[in-house]
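Welcome, and please open the structure in your viewer. We will take a short walk through it, one selection at a time.

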Amino acid sequence: CDPFAQTQRSKLQHRRARINQQINKEMRMRAGAENLFKATSNHKVKETVALELSYVNSNLQLLKEELEELNSSVDVYQNDSESISVPMIPLGLKETKEMDLMAPLKDLICEHYGEDGISFEKEIKELMELRQAMRTPSRNEAGLELLMEYYNQLYFLDNRFFPPNKNLGVFFHWYDSLTGVPSHQRALAFEKGSVLFNIGALHTQIGARQDRTTLQGVDRAIDAFQKAAGAFNYLKENFSNAPSLDMSTASLNMLVRLMIAQVQECVFEKVTLTSAQNDFFTQLQIAQEAARVEEVYSLVHQTMTQAHVKDYVPFSWATMVHVKSEHFKALSHYYAAVALCDCPSVSDADLPEHEKAFVQFHVTVPEGPSLHLVLQDQEERRKLGKAHLKKAIMRHEEAMRIHSLCKILRKMDILQEVLSFAHKRSLSKYSEIDHEEDFFETGDAPDIHPKTNQRPEIKSPNFSQVKVTDIFHRLGPLSVFSVKNKWCPARRVHLARGENGFGLTLRGDSPVLIAGVIPGGCASEAGLKEGDYIVSVNSEDCKWSKHAEVVQLLKSIGEEGVDIGVITLQSSDGQNVVIHLLALSEP
């Protein structure tokens, strides 16, 4: 974590945080004004408040537009390579407020665990520092590990300090990544969900920054976007009723589809990088990969324009997705034309194989001669190629028209360059194969059947890859010392050794359990009971001790005896819980 790094990305995140705070302030003012408007019966006051409300709503609209423009600043997250590649859509991180957990955790440690809360100040401070650090993760694997470490630490925090039927008295505040609207909940699930959202968002930023003109860069981008899709999908399936729109089911569904589309786009780029230039089958494959990219982006565009999604998705995102669907449709027709016009005619020996591939290439059969004749006749191939190029040019022009409608995208030079280059390339190819003596009317080429050789994979987060140690390890093993369990205050028992030993049976590890007490024996007379857990021996903490270690401590005791600290678990109704262990004998 580097909170002071003045990179373009961190400046963007700081501006987002500032806008979030302003939106929060305006929303509080609006809520107050609305309450006053409802409560007052004074006509003059109502007029004044109505005027104030109009100002506040106007300010809110301007702030939300400013935030949308920040969310649309995708060029900041792209790689620094001089080569031209289509920009990807990354997500900004959710912002959160600072939290002071010192007092509530110290109180609960004292009240529930019977320990001195002050002695755990170091652990509480460590947790708060970890939370502060994860607000500004670096845009690399180390940043992801930091978020994952905090997420895994929340598992222990949940079991240690968040009882199922009582509030800890703290609120977790997070801002919506897309709208900047603040939300807060007492539930730790909201904190976990928000961190998981940021894990997905950071993956999108890592994917967007890769140099996709190299095979290694494309593979890294594919991996990053697949992991982003996995994080958002895991969030959708495991966290419900989130108070912010960016974590709603509809929003997460849209984000998963967007990430899958960006993976598919990277797969297309990978195929173009690894393919031979003039091979007929390769050009058909590239055309079908492009058609597949167009298909998935069309689905994303439909999702983004649904009634309950379009109001908070940045207009520039929806426009870029629409532009990409048209752009890749144009590319599918361009590569179909290249396959037909630039690749040599098919020999009789290769014809069956070529014909089989070409039959499955189009969505509908092209008008005119049979495919058999088209493949063998160079002139027929030129005619069909020309029809594909005509369609490619139309789709390029449509992509450029849609692009020109969005003020934010018009500022994005790299996207303009990509669209312009592809359009000029198709025009050049068209003029190259166009003959002056062509008097036939160019037909309508059918669309290309979408197909991919590498289906995107939704990679769920692997939480076990980042190993963490429970910060509050000293409280004892979670199996016993959790907020869900209740126990009597630890009692100290003096135990002396009799002629027949201590008169008890021990089982298990961390902590060791008194599994049996012999009636009339030393342990029974000292007040030890079946089901007690040994937490200390002669003031030495034994919560984490193994069975053999506790036995060894007891064996080393002399005639003076030993002081044993024990606790007894209680059920929810306050009754002591007796744990019965069955001894299985060999048959």
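What pLDDT does the protein average, and what share of the residues score at least 70? This is a predicted model, where local features need pLDDT of at least 70 and side-chain atom pairs count only at pLDDT 80 or more, while totals for chains, interfaces and linings use all residues. Residues are numbered from 1 along each chain as its sequence is written, and side-chain values use heavy atoms, with hydrogens and water left out. The protein averages a pLDDT of 84, and 90% of the residues score at least 70; pLDDT is the predictor's confidence in each residue, from 0 to 100.

Select residues 578-587 to see a stretch where the pLDDT is below 50. Beyond near neighbours in sequence, this stretch has nine contacts in the model (contact means heavy atoms within 4.5 Å). Where pLDDT is low, the predicted coordinates should not be read in detail.

Now switch to a cartoon view. The protein has 18 helices and nine strands; these are DSSP runs numbered from the N terminus, helices being H or I with at least four residues and strands E with at least two. Of its 587 residues, 50% count as buried (buried is under 20% relative accessible area, exposed over 50%, partly exposed in between, with a 1.4 Å probe and protein chains only).

Next, colour strand β1 (residues 172-175) and strand β2 (residues 182-185), which pair in the antiparallel sense over four bridges. Strands pair if DSSP finds at least two bridges between them. Together β1 and β2 make a hairpin with six residues between them, and Gly 180 in the turn has a positive phi of about 80°. Show His 173 too: His 184 in β2 stands opposite.

Time for the rings. The structure holds 14 aromatic pairs, in which ring centres of Phe, Tyr and Trp (its six-membered ring) lie within 6.5 Å; planes under 30 degrees apart count as stacked, over 60 as edge-to-face and the rest as tilted. Select Tyr 151 and Phe 463, a stacked pair at 4.6 Å centre to centre with 15° between the planes. Tyr 151 is in helix α5 (residues 141-161) and Phe 463 in the loop between α16 (413-433) and β3 (486-487), 312 residues apart. Both Tyr 151 and Phe 463 are buried.

Then pick Phe 197 and Phe 232, whose ring centres are 5.4 Å apart with planes at 55°, so this pair is tilted. Phe 197 belongs to helix α6 (residues 188-208) and Phe 232 to helix α7 (residues 215-238), so the pair ties together parts 35 residues apart in sequence.

While you are in helix α6, find Asn 198. Is Asn 198 buried or exposed? At 2% relative accessibility, Asn 198 counts as buried. Leaving aside neighbours within four places in sequence, Asn 198 is in contact with Leu 93, Lys 94, Leu 147 and Trp 174.

For a last stop, select Ser 510 and Pro 511, joined by a cis peptide bond with omega of about -5°. Pro 511 is in the loop between β5 (504-507) and β6 (512-517). Ser 510 is not a glycine, yet has a positive phi of about 45°. Most residues other than glycine have a negative phi, and most peptide bonds are trans. At 12% relative accessibility, Ser 510 counts as buried.
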